[in-house]
Amino acid sequence: MAEGRLVIGTRRYSSWSMRGWLMVRMAALDVEEVVLRLAGAGAGGTPEIAAISPNALVPYLEHRGARVWETIAIAEYCAEFHADLWPRNRTARAHARSIAAEMHAGFRALRGAMPMNLGRTFAGLGRTPACLADIARIEAIWAEALSAYGGPFLMGTEFSLADAMFAPVVTRFLTWQPELSATTRSYCDAVRAHALVDQWYRDAAAEPAEWLVPHYENPQT
Ligand SMILES: N[C@@H](CCC(=O)N[C@@H](CS)C(=O)NCC(=O)O)C(=O)O
């Protein structure tokens, strides 16, 4: 019997679910996955999620009596089981936590203008000035980390919690195809090729067609 459950939303659209799922799988927690269809009515709009999760949002983790919500808290919970999910070096660990926290707290323009959709490409759309400013900051964060630790992932050779936090941004770049530096594109390729990221894409592709949300499939920008 599993030691708990991870509640996530429609994989095609739920960027935060993707982060939480990657973290839980990286830590190899033994949890059942509960996937709930996102209503598409905005954060907190799915009654089935509100009935289960303290903040009415996914991801939501229950494990060995612990109840964990907010993705940054799930990251830290997972790191308690596998310290190597953050860099061993204290200075690098502080850097990784800082960029993960910046992702958790920010980039709302990007999230609004280029929402996650793993099944489509919307090349050329979504390029609002505020979104492009977010992208510029993300490219700077990635370039600094890739240069400091040598890649191919942000903190070096291993896919870390910082990469899990930015993985949905990679998917947005693949979907919306903004203009990106060669460094960014090669990081995107490395993340997309990671086995867990690939599994998430495959699981998303297998979701029922009835789960598609017209609003997310037909962006206006
Ligand atoms: N700050 C939260 C954000 C979680 C979030 O916004 N999740 C969205 C899905 S990506 C959600 O649960 N939406 C519920 C709904 O659409 O009803 C976290 O870090 O986990």
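## Helix 9 and its surroundings

The buried residues of helix 9 (195–205) pack against strand 1 (4–9), helix 1, helix 7 and helix 8 (182–193). Here, buried means under 20% relative accessible area and exposed means over 50%, with a 1.4 Å probe and protein chains only; contact means heavy atoms within 4.5 Å. Helices (H or I, at least four residues) and strands (E, at least two) are DSSP runs, numbered from the N terminus.

This is a predicted model, where local features need pLDDT of at least 70, side-chain atom pairs count only at pLDDT 80 or more, and totals for chains, interfaces and linings use all residues. Residues are numbered from 1 along each chain as its sequence is written, and side-chain values use heavy atoms, leaving out hydrogens and water.

**Helix 9**
- On the buried side you'll find L196, V197, W200, Y201 and A204.
- Those buried residues fall within an arc of 145° seen down the helix 9 axis (taken from the directions from the axis to the C-beta atoms), so they line one face of the helix.
- Turned away from that side are the exposed residues A195, R202 and A205.

**Nonpolar cores**
- A nonpolar core is a set of buried Ala, Val, Leu, Ile, Met, Phe, Trp, Tyr and Cys residues joined through side-chain atoms within 4.5 Å.
- The largest one has 64 residues, and L22, L61, W142, L154, F166, F173 and Y187 touch the most other members.
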